[in-house]
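Thanks for coming. I have one model to go through today, so please look at the sequence and the structure first.

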Amino acid sequence: MTTNNNSSNKIVVPGARQALDQMKLEIASELGMANYDSLDKGNLPSRQNGYVGGYMTKKLVEMAQQNLSGK
């Protein structure tokens, strides 16, 4: 996640940033992008960066649905 002050990606739950960053690294690893945290994201194709964000969103939606359904 960017730390740009104009970003709309505000963390509303204190302490969630670390969990989200860890999730991002795990998903990138699952997608075959080892050492994602040390990669220059500007040199990655937008498709690869998009996969990471897309899978994060998918997993977060699944987690929310499970939470709402009481599972």
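**Burial, helices and salt bridges**

Of the 71 residues in the protein, 17% are buried, where buried means under 20% relative accessible area, exposed over 50%, and partly exposed in between, with a 1.4 Å probe and protein chains only. This is a predicted model, so local features need pLDDT of at least 70 and side-chain atom pairs count only at pLDDT 80 or more, while totals for chains, interfaces and linings use all residues. Residues are numbered from 1 along each chain as its sequence is written, and side-chain values use heavy atoms, with hydrogens and water left out.

The secondary structure is 2 helices and 0 strands; these are DSSP runs numbered from the N terminus, helices being H or I with at least four residues and strands E with at least two. Helix 2 has 24 residues and spans 34 Å from first C-alpha to last, close to the expected 34 Å at 1.5 Å a residue; the expected span is 1.5 Å times one less than the number of residues.

Now the core. Which residues make up the largest nonpolar core? They are Ala28, Met33, Tyr36, Leu44 and Val52. A nonpolar core here is a set of buried Ala, Val, Leu, Ile, Met, Phe, Trp, Tyr and Cys residues joined through side-chain atoms within 4.5 Å. Beyond its neighbours within four places in sequence, Met33 contacts Ala28, Leu44, Gln48 and Val52, contact meaning heavy atoms within 4.5 Å. Across the protein, 42% of the contacts with a separation of 6 or more are between residues 24 or more positions apart.

Next, the charged pairs. There are 2 salt bridges, each defined as a side-chain nitrogen of Lys or Arg within 4 Å of a carboxyl oxygen of Asp or Glu. One joins Lys24 to Asp21 at 3.9 Å, N to O. Both residues lie in helix 1, residues 16-30, and are 3 residues apart, about one turn of the helix. Lys24 is buried at 15% relative accessible area, whereas Asp21 is partly exposed at 29%.

The other salt bridge is between Lys59 and Glu30, at 3.7 Å, N to O. Lys59 lies in helix 2 and Glu30 in helix 1, so this pair ties together parts that are 29 residues apart in sequence. Is Glu30 buried or exposed? Glu30 counts as exposed, at 57% relative accessibility, and Lys59 as partly exposed, at 31%.
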